[in-house]
Amino acid sequence: MREHDLPARERRGRGKSRFDDDEPYFLKHGRHAEPALVEPDDEPDPEDRWSSWDEAVHGPEPHPEWLVTELAAKDIELGVLKTGKEADVHLVRRAVPETDRSCLLAAKRYRDAQHRLFHRDAGYLEGRRVRRSRENRAMAGRTAFGRQMIAGQWAAAEFAALARLWEIGAATGRIAVPYPVQLLGTELMLEFVGDAEEGQAAPRLAQLRPDPAELRDLWEQLVDALVVLARAGYAHGDLSPYNLLVHRGRLVMIDLPQVVDVVANPQGPEFLARDVRVVGSWFAARGLPAGDVDPGELTGLLLREAGIR
């Protein structure tokens, strides 16, 4: 699809779902591609840029067929999908000019050192340590350099977790996360989850009012995903109905920069238990029997799956 063939509303970056992390609490190195020879082309428009694929760390192989990896591609900015305290998510179309090769991506851009950054980071960062004392001191003191390092850690942690979980999901079908396309500095490019033709993001679980059968199916999908996380040694760390998408009946877990190592982090079991309480409360409030969402029972199961009990 050529850029001028895009719908006018997409070119203007309008009409997308726009979400904000600052809502009430729950209501509340892959290998680089080989350089390709291309014909000279015009420079991208100011709001566009050449694809950064060749500069970035890549997601798991084999890469999905829909993903555009050609170095002749341009990244076309379409607008903001979501704003938040730690990062903003932008809608980007990566397209090869004069061809029908294109894909829609979500570019998650962590804030730089000049912004308010990761106000709750201390507990999550336990168990994540860099080797050099200078960097550790800077991170502990929240200097400008240290905050930039923390932003890089959060981006890298989310990329690594998504890569591992996407591979597990591809093999088992028991968890769904967006495909992590690439990581470049503090920018994380992800598969866009939603209607690619309209550029409409999939709704978050918190926006839905599922009927009883749908509610139970979504709960069972969530339990499966939490078991996969626990077996991989993870707790989401900030799980709520606002970072679970529902796309074509499939529950998709997003926003994992704060992913917690439940073994290495002394607070890991507490983060896991909180995740369960928050999502369990939402499902119970929507009509799932309380006995089916017992937080103590599910937390115990997940801790056993993680090898803690």
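Helices (H or I, at least four residues) and strands (E, at least two) are DSSP runs, numbered from the N terminus. The legends below use these labels for a predicted model.

**Figure 1. The largest pocket and its lining.** The space in the largest pocket amounts to about 610 Å³. Its lining consists of 31 residues, and those closest to the centre of the pocket are Trp-66, Glu-191, Phe-192, Val-193 and His-247. At least two lining residues come from each of β6 (102-110), α4 (144-172), β9 (194-195) and β13 (250-253). Both domain 1 (45-200) and domain 2 (202-308) take part, each with at least three residues in the lining of this pocket. Sorted by class, the lining residues of the pocket comprise 17 nonpolar, 5 polar and 9 charged.

**Figure 2. The largest cavity and its lining.** The volume of the largest cavity is about 290 Å³. Leu-81, Val-89, Ala-106, Leu-245 and Ile-254 are the closest to its centre among the 20 residues that line the cavity. Two or more lining residues are given by each of β4, β6, α4 and β8 (187-191). The lining of the cavity contains 13 nonpolar residues, 1 polar residue and 6 charged residues. Domain 1 (45-200) and domain 2 (202-308) each provide at least three residues of this lining.

**Figure 3. The crossing of helices α5 and α7.** Helix α5 spans residues 212-231 and helix α7 spans residues 295-305; their axes come within 7 Å and cross at roughly 35 degrees. The crossing of α5 and α7 is right-handed. On the α5 side, the contact is made by Trp-219, Val-223, Leu-226, Val-227, Ala-230 and Arg-231. On the α7 side, the residues in contact are Leu-298, Leu-301, Leu-302 and Glu-305. By class, 8 residues of this contact are nonpolar, none is polar and 2 are charged.

**Figure 4. The cis peptide bond between Glu-61 and Pro-62.** Most peptide bonds are trans. The bond that joins Glu-61 and Pro-62, however, is cis, and its omega is about -5 degrees. Pro-62 belongs to the loop between β3 (57-58) and β4 (74-83).

**Figure 5. The positive phi of Glu-98.** Most residues other than glycine have a negative phi. Glu-98 is not a glycine, yet its phi is positive, at about 65 degrees. The place of Glu-98 is the loop between β5 (87-95) and β6.

Definitions and conventions. Residues numbered from 1 in each chain as written. Predicted model: local features only at pLDDT ≥ 70, side-chain atom pairs only at ≥ 80, totals over all residues. Heavy atoms only, no water. 1 Å grid on protein atoms, 1.4 Å probe; cavity = no way out; pocket = protein on both sides within 12 Å on 5 of 7 lines; lining within 4 Å. Points joined across faces, edges and corners; volume = space filled by probe spheres on them. Nonpolar A, V, L, I, M, F, W, Y, C, P; charged D, E, K, R; others polar. Domains from an automatic or database assignment. Axes fitted to C-alpha atoms, helices over the stretch in contact; angles between N-to-C directions. Left-handed = near helix turned anticlockwise from the far one by under 90°. Contact = heavy atoms within 4.5 Å.
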